[in-house]
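Here is a short walk through a structure for someone meeting it for the first time. Have a look at it, then read on.

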Amino acid sequence: MDKPSKVLIIGSGPIVIGQAAEFDYAGTQACKAMREEGVASILVNSNPATIMTDEDVADVVYIEPISLDVVTRIIERERPDGLLPTLGGQTGLNMAVALHDAGVLDRYNVRLLGTPLEAIRKAEDRDLFRRMLEEIGEPAPASEIVTDMAQARAALGRIGLPAVIRPAYTLGGTGGGIAHSEDEYERVVEGGLRASPIGQVLVEQSLLGWKEVEYEVMRDGAGNVITVCNMENFDPMGVHTGDSIVVAPSQTLSDKEYQMLRSASLNIISALGIEGGCNVQLALAPNPETTPWAVPPGDRLPPYYVIEVNPRVSRSSALASKATGYPIARVASKIAVGRTLDEIPNAVTRKTTAAFEPALDYVVVKIPRWPFDKFPFGDRALGTQMKATGEVMAIDRTFEGALQKAVRSLEIGGRSLLWEDPAWKEGHEERPMHATDERLWSIMAAVRRGADLCALSRQTGVDVWFLHKLANIVAMEKRLLSEDLTPGLLRRAKRLGFSDTQIGTLADRLPEQVRDLRARWDIRPVYKMVDTCAAEFDAATPYFYSTYEQENEALQEPGKKALVIGSGPIRIGQGIEFDYCSVHASWALERAGYRSIMVNSNPETVSTDFDTSDRLYFEPLDEESVRDILENEAGGADPDAADLPPSIVQFGGQTAINLAAPLHASAAPIIGSSSETIDLAEDRKRFEAFLGELGIPQPPGAAVLRVEDAMTTAEALGYPVLVRPSYVLGGRAMEIVQNPTELARFAQQAAEASGGKPILIDKYLEGKEVEVDAICDGERVLVPGIMEHIERAGVHSGDSLAVYPGVHLTHAEVEVIVDYTTRIGLALGVRGLMNVQYVIMPAETPAGDSNVYVLEVNPRGSRTVPFLSKVTGVPMVRVAVNVMLGQTLREQGYEGGLWPRQPLVAVKAPVFSMSKLIGVDTYLGPEMKSTGEVMGIDATFPAALAKALISADLALAAGGGVLLSVADRHKTQMLPVIHHLHDAGFRLYATEGTAGMIAALGLPVQRVTKRLQGHPNVLDVIADGSVTCVINTPEGRYTGTLRDGFYIRRAATEKRIPCFTSPDTARAAVDALVAAMGRPGGPSYQVRPLAEYRDGSA
Amino acid sequence: MSDALLVLEDGTVFAGEPIGAPVRAHGEVVFTTAMTGYQEALTDPSFAGQVLVMTYPLQGNYGVNDFDVESRRIQARAFIVREGCETPVHWRAQGTLHEYLLGNGVPGIAGIDTRALTRKLRTAGVMMGAVTHDETAALALARLRELPPYGATDFVPWVSARKAYEYPDGQSAGARHVVVLDLGVKYNILRVLHRLGCRVTVVPCQTSAEEILAMRPDGVVLSPGPGDPALLGYAVETANGLVGKTPLMGICLGHQVLGEVFGAKTYKLKFGHRGANHPVRDEETGRVYITAQNHGYAVDDAGLIADVAVSHRNVNDGTVEGLRHRREPVMTIQYHSEASPGPLDNMYLFERFLAMVGEGMRQDQTASGRRT
């Protein structure tokens, strides 16, 4: 095959559940691979918070919507001769298929690289897939589609019990179930046929409780095939693999079973003809004592079934890459442009090639990170719909150690395996044994109470082998509780992954005392290398994990160096933006002549690519492991504080910044803003006094302890007020309260959540919200840009549409903001990045000035750093790192003040994953809910906005139906929006009060009732497709309309139609539609490389 | 619990916990990187005379059973692991690793930093080691220095069949008769040949070419086995007498023996090839196959006669992995096409061999017919 000369790479768009940072990692590797192969790369992605959209990663970068129209225009302009569709998740794959189907690839002579279209279809189409499996003799679970009971009874004869019944086209799989008896089967199928809008159900052989095993396999154009890694799920079949705890390599499979499934996987990738990587999921017969099946006689192998194939790089392949050191995406990209496996050098050993299978000499455990700490009312049950936003990985030489380190890495309020829900009292059977995010802990609780492991396995489907390992942990807990702490016992506990904190809790000591004992007894972790080859070859990878053994391979890195503390798992409020910052921090250190040392626990990211930093420690981001690493880098036993390398805590989000105080307390140096600066900004009382001294206003408020005081304070401030516990993170448990009744209820809850600490009551200023990121060197403050939020204050900044530059700000407002930012940065003693959020209240008299208030200051890199870096061209992280290393802004060629406004407008839009989180309310408020972001960039605001909305799936098409249910206080401001909607040809549907208002305007409106009050009701018009958009602004949390609104919003979310809960967002979307309406052919925007917008040629 | 020690020839000592039989042992310390298949490895006769180190830290997870054996007993002298699973779980398991070692009178050590040990062997090369639990390291080292080195002993007679037998026992169905010269054969070679429709006769290592030819074989397999091929003059002589008389397949040690027949010398590798992940390139097709390997010696192609070509090479280090005779039906591979443990990707080689056998049976003139 001829090597292409120019290749288009499609990214995966915004971070959503099921499609997270792993595709930034994959895309970035693909771009690097193209460069190494001498192939030009064109990249398109709508997500600015990615390394792949950095302008030095690909040759040409488009931050544009991944739509057929846009990508076609890019192809038209760039004329690539190849398209790499397999690196951008399902988004990339779907776009490739769409381009093919639209004839675009043929028209412009673009060759699909890697995976042939036929393979994509075979892997994705259920029937084609089954037919292919049949042809190559690989078993698929029996299944049949039935539409009546007679068919169902016939199907049962062929499929057998237990059977899974899945109704077609029901939301979240409602109406289905598992039948264990014929009676149950009749009942469930009947119910399923009724529930399905097309009266069709799929009856499938049940493999619930079977072992779920995955293989990551690769194939090149010459037909060579290898396995990179196999992985075994702790959670058996029935839980999405993205929601499963996963261990690599498999632990409970014999060699015969391992090889049988390996061969099956290789047969499949060969039959599909994939040139690149592929993920194969299989179900293997489990322990028949816990999940029965017919055991064969003699030495016959157990049955297995092929469940699913992903004909592309996936989340699992990112995990497999990090678990083995084998760079799957990079190798897959090179194969796609014609290389064979044995021609591709192994970047790890630098001696061998990519044609081998990694040998692991450690255990890897992955645990998903779920968002239920943010959404306590969401449905926590795990099943076939993935719910995790991210994941953590840990490596150790014992399973117990890897598991416990992974738990530490989750960063759920310091929760170790010791945690138990207070509700799981002795004797109560309240522990969730079905799959939930808390099942690991409830199994631990059961083991602690002496549960029979076989019975526990029958109940959960978790293999007894894993349960024995948990029992080992419990046995150690008991020893630590009852025995004296001796060097031998302590070492054993560390080998099983117990943290100093856990040991302290059990052995009745402070964590620091345990640490001291470790130092005295010389019980320190050693660091071993991830080298793909189990030490068979000398490897060059600077990729390490800790364990408690003999030989330390991570000898002190020589020379000037600094530690970059990463941001851990992707979660709501702490997304890929912080990984972007961490990666750039590492690169900036290298440019400045420092050795960069990265610490992180997230396998999906670019930061944990072993060639991002000079050295990578794959470790939990807690005090213990960071201090151990620092001591290791200082040369091991009892180092002087002076020998400890400095740490950078500004870029890893709240995870890293939270380590500032403990590191400071242990005399570990921090570069950049000091622990004191961080504390001043975060301690509300101190910060209030600080702003007072500067004469910079803040919304008035107070901290109170009792509900009664809350009421009087709120009266004095005037409603609405913002209420929150005093130690909030990312807006948790924060609420805007409109009246005393709501306040009484919420203050009570907040007081309880505060656990005796004060609750904060602030005047809620519903003004224009503005945020800035700035870099301060102690002398000057550089403000690269100002971002204005479309939604007024009250919607979390991470959930707001943000516009650069502040197109609606007056000159005076900009001046005040720059002035305040400068004074705050200097007075706080910020060294490096900070983020300030402001609210602007309109002038009280037409001649007066508007008032600017400071909402909060975060002395660290923020979520908007990648966005702002890309639109302004200021390499913010690099500049900040240089400042931390002692270079002034001026020495770097920057003056203080506001960076020149760029000749472009960029809009950042949030993206949500709400359709995957059953039971979660989608209305926007002070608590962040989005999982990702997209950027629309163009020369004008309407064009930029249009593109942001398209990428965020919020763009409206003219002429549909809209359901309006608007809070009384928003009715007036919604009038123009309603007129616009009518003018745009929308049919208007509205609930009682809103319909009355619309009718009064003289516009036609269809009145719909509330959900339980006859038909057509609000849910009917959503379900039957009458409406294509919902505008529902809630009154407040504690009123009936919020509950009713909840059902409207959920219905819209599950129907995947835009649902606006802020009048501001709705207005923006309608304005964008109106702007597009005047033009033939829809919205008008440009499609250009990022750089062209900045240089003004757009 | 007293410590168990592994004392290396160079004085390095690793301490751990004793598992298996409470006896002393010594042998050449070698490591394998295969992540599964400990029972197959332990019973692989090629590990005779060796102390086996597993680089994967968790061993014994799925217990042991009657089926995953490659010979009649554990062949390794001792077993070194990071962790031996005391509570294995598998529906086929009949005992634990510890019980298995104990039952075979073989000692083991758990709790050793096997990665440090592996790195030691990789850099210094394989060396002799003593496993002990009841003496000081110094005593063990002194004793070790008195013992013959690995390369001085011919282990083949120890592991080979005492007398000829048919596989499976008593059943002699099968159109093609394949004789296996047992230099330390793995059962899976016999299982595969049987499954492919062969009548299999296994003969002891000292069997002469005349004796074998008298059995009227349709083909002969020279099996894998332990030790230095330079000590196997008798097997080389047998092999020499078979070339050109009947189709031949040499596997591992059998390959090395045939190499010597064809004029090549063998040499000792620094730390061998042991694992389930070694890439081998078929020199004719360019295809790369993942192979199971277990060898400490390799064939040097420098002395090969002109009639013999190198058919396969290791992608990592370029060592010879297979030979092909240009005129006679002879094929050899340095690796283990029978797998067990390891990938099943190379089973086609048995079919290729049997194709040769089939052509020989049809008196076909083109004796080298290579088809897959």
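Which residues touch the most other members of the largest nonpolar core? They are Ile9(A), Leu949(A), Leu52(B) and Ile80(B), in a core of 452 residues. A nonpolar core here is a set of buried Ala, Val, Leu, Ile, Met, Phe, Trp, Tyr and Cys residues joined through C-beta atoms within 7 Å; buried means that 20 or more other C-beta atoms lie within 10 Å of a residue's own, with C-beta atoms placed from the backbone. Helix 19 (residues 576–591) of chain A provides the largest share of this core, nine residues. Helices are DSSP runs of H or I, at least four residues, numbered from the N terminus. Because domain 1 (4–152) and domain 2 (156–368) of chain B both give residues to the core, it lies between them; the domain bounds come from an automatic or database assignment.

## About the model

This is a predicted model, where local features need pLDDT of at least 70, side-chain atom pairs count only at pLDDT 80 or more, and totals for chains, interfaces and linings use all residues. Residues are numbered from 1 along each chain as its sequence is written, while chains are lettered from A and ligands numbered from 1 in the order in which they are written.

## Where the chains meet

Chain A puts 46 residues into the contact and chain B puts in 39, contact meaning C-beta atoms, placed from the backbone, within 7 Å. On the chain A side, helix 9 gives the most, with six residues.

Definitions and conventions:
Two residues are in contact if their C-beta atoms, placed from the backbone, lie within 7 Å. Helices (H or I, at least four residues) and strands (E, at least two) are DSSP runs, numbered from the N terminus. A residue is buried if 20 or more other C-beta atoms lie within 10 Å of its own, exposed if 12 or fewer, and partly exposed in between; C-beta atoms are placed from the backbone.
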